[in-house]
Amino acid sequence: MTETIENLRDFNYFKLNTNTHVLVEYIWIDGTGERLRSKTKVYDTPIKSLDDVEWWTFDGSSTDQAITKFSEIFLKPVCMVRDPFRGDPHKFVLCETYKPDRKTPARFNFRWIAEKIMQEASESDPWFGIEQEYFMLKRTGTTHLWPLGWPVGGFPYPQGRYYCSIGERNNFGRALSEAHQRACLCAGLKLSGINSEVAPSQWEFQIGIARGIEAGDHLWLARYILERLGEEFGIDINYDPKPIQGDWNGTGAHCNFSTTTTREQGGYEYIKEFMLPLLEKNHQKMMLLYGLNNEARLTGKHETGEYNQFSWGDGSRGCSIRVPIITKELGKGYLEDRRPAANMDPYLVCSALVDATCMNGKYLMTLIEQFAESLKQL
Amino acid sequence: MTETVEHLRDFNYYKLNQNVTQVLAEYIWIDGTGERMRSKTKVYLTPITQLSDLEWWTYDGSSTEQANTKWSEIYLKPVVYVRDPFRGDPHILVLCETYLPDKKTPARYNFRWIANEIMEKAKDFKPWFGIEQEYFLLKRTGTTHIWPLGWPTGGFPYPQGRYYCSIGERNNFGRALAEAHLRACLNAGIKIAGINAEVAPSQWEFQIGIAEGIEIGDHLWLARYILERLGEEFGIDINYDPKPILGDWNGSGAHTNYSDVKTRGEGGYKYIVDELIPLLSNTHKEVLKLYGANNEKRLTGHHETSSYDQFSWGDGSRGGSIRVPVVTKELGAGYLEDRRPAANIDPYLVSAVIVDVALLNSTYVNQLKQLLVQSAKPLA
């Protein structure tokens, strides 16, 4: 929650000149693997590149990433963008987390292995577009959460009217998603669009086209900005794969994917004959990396494929993989993996896709082990 | 609380700056509680370019628990001034020491004079400090009941774990105030080094540093002044109680990071472990008396604190009295963190006693303790 600056007679602290200081917001993924944390460091010197931003530490025992006795976790700056809230010259710096030896990744840091995989696969030049869905929730008191605009403790008109809707009766929360779009663009993130989704107060933004490790970096930074905006608007952002039981859509993060081979002549055939069988073969394994509680969402209904069953179709939204009509038409292009849930870690999903299709699943077991290790209690 | 200027049809007093050549100097001092500050404005007709342009002033010490009615005058001696971030250039905030009418005897809770003496003696060792000031944001209901911002009135939010450095509606309360404070301090030229949301919901922290010698006390008190003034604007009460809420909720500390030429030089880490830490261990009980009233409630051994009665330390550990950061060990030199001080400390006392123990053979410890005891006595 933020308190509005009601009594300040036009005195806007946010316009106070901070002289030559640069405020750097260090951002990291915490010990839930789904939420982000951040803190500010004041720099006295200009920050021109990532090299100017130092490693830092934080109290890992307060984020479920360490125990009190050995609580120091290192922050390694890996991606820097403009801070859209504070404006130039201030920065957001996304960080990887490491244990005190500075080498062992801390709990839920998967970027290190994703980067390794992307580098090994760089000849395939993997491109990604991620459609991040989310629900907007309003809080009553500090415990009860219910979707924005829904009658408290009740349900609105059935789905059908809300997807890409306009108007008072069908569209809830546009101001937040619009602010998010603008803030992301201002920060320099590769946000490519927004739309309201099938369920009321469900939205989607797309990150892409991003190459290699960029997809994960930009998606996490976009999530950070969205959560921060939620504070300002008094709205809670929810990535639960199936937040409301019943005839209401779940929330996914469909991952669009292509490589040099799929994008060139014969790409469509390559996808059908070579990639899809590989994805089918590795289905069970990859599902383990596609978000917790995804089974609640992948029921076969509400435009999902079934959790245990791999399927695909040209232009079909009722399956695991959709090959867009345009890919078939042009004979080349991309595919859409519709399996990942909204709460997935994009570093895991993107690297699993690249690994399964371009590296014969060389790292899949490692990814699964790393994930399982992070899930263990400290 | 401030009243909005509702009936003035856009008439903004804060913009009445044209033709104002006077300088508004806000004289600031620590009052007779030792924890709160007071201030009043003096209008200067001439520009202020250096400290000596600012005159000594007086105030009614019997209204701040620093004097009795019969001998109520207390002198204000300007010691530091910075830009006033609320009024803007050329106006200033002037931090003052307080003195009895003889202009020599420090008034109740003025410890800066002796801290200054100690820092002067130790100045060749260049003692550096960084203080992590924690505080709670409280909202008032009516005029008596205060409860943390964002907590259900008379109840408790979700347990801790999710709030430290948090973002988002459900976990982060009061960022606007913390952010405004950061900017106002930077604008004033105060050495603020960062901010973060803390472990308890609606608990925050700002860091002052790296400041040398007496500077740390000056800058921390000025930062506290600015925070309290901002609290007025936001309708939020600032709380430095070491343990404001009983139960499984963190207390508020003011961890003090310290280094000098010996810890920063070749073999610094070894010096810290072999010589400095034993010095701190031996003076533990004495020094704790200067580390904030009611600190026993906070130092329980839980919630990332050490036990009040027990001195301990560790590399990278947050469960001890002293934490030696991993970077200090790595580099073989650097600084240490004293995690014992509570949020309601007087930084002059804490910085002075650390320097005294580390560099001056604890010659001042007893005197510092006595001065505090003296100030804590009710006025005659």
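I looked up B:Tyr75 and found that, leaving aside residues up to four places away in sequence, B:Tyr75 touches B:Trp56, B:Trp57, B:Thr58, B:Glu97, B:Thr98, B:Tyr99, B:Leu100, B:Pro101 and B:Lys103 (contact means heavy atoms within 4.5 Å). B:Tyr75 belongs to strand S4 (residues 73–83) of chain B; helices (H or I, at least four residues) and strands (E, at least two) are DSSP runs, numbered from the N terminus. B:Tyr75 is partly exposed, at 21% relative accessible area (buried is under 20%, exposed over 50%, partly exposed in between, with a 1.4 Å probe and protein chains only). I also took the separation of the C-alpha atoms of B:Tyr75 and B:Lys270, which is 46 Å for residues 195 apart along the chain.

Note on the source: this is a predicted model, in which local features need pLDDT of at least 70 and side-chain atom pairs count only at pLDDT 80 or more, while totals for chains, interfaces and linings use all residues. Residues are numbered from 1 along each chain as its sequence is written, chains are lettered from A and ligands numbered from 1 in the order in which they are written, and side-chain values use heavy atoms, with hydrogens and water left out.

**Aromatic rings**

I found 32 aromatic pairs over all chains. Rings of Phe, Tyr and Trp (its six-membered ring) pair if their centres lie within 6.5 Å, with planes under 30 degrees apart stacked, over 60 edge-to-face and the rest tilted. A:Phe108 and A:Phe110 form an edge-to-face pair, because their ring centres are 6.0 Å apart and their planes stand at 80 degrees. A:Phe108 is buried at 5% relative accessibility, and A:Phe110 is buried at 2%.

The pair of A:Phe155 and A:Trp248 is stacked, because the planes are at 15 degrees and the centres 5.9 Å apart. This pair links distant parts of the chain, 93 residues apart: A:Phe155 is in the loop between strand S7 (144–147) and helix H2 (174–187) of chain A, and A:Trp248 in the loop between strand S10 (236–238) and strand S11 (253–258) of chain A. I noted A:Phe155 as partly exposed at 45% and A:Trp248 as buried at 8%.

I then checked charges over rings (NZ of Lys or CZ of Arg within 6 Å of the ring centre and within 35 degrees of the ring normal). The charged end of A:Arg102 sits over the ring of A:Trp55, 5.1 Å from its centre. A:Arg223 lies over the face of A:Trp220, 4.6 Å from the ring centre.

**Backbone**

I found a cis peptide bond from A:Gly208 to A:Ile209, with omega near -5 degrees. A:Ile209 is in strand S9 (residues 202–211) of chain A. In chain B, a cis bond joins B:Gly209 and B:Ile210, with omega about -5 degrees; B:Ile210 is in strand S9 (residues 203–212) of chain B.

A:Cys164, which is not a glycine, has a positive phi near 55 degrees. A:Cys164 lies in the loop between S7 and H2 of chain A and is partly exposed at 42%. B:Lys126 also has a positive phi, about 45 degrees, without being a glycine. I placed B:Lys126 in the loop between helix H1 (112–121) and strand S6 (128–141) of chain B; B:Lys126 is partly exposed at 40%.
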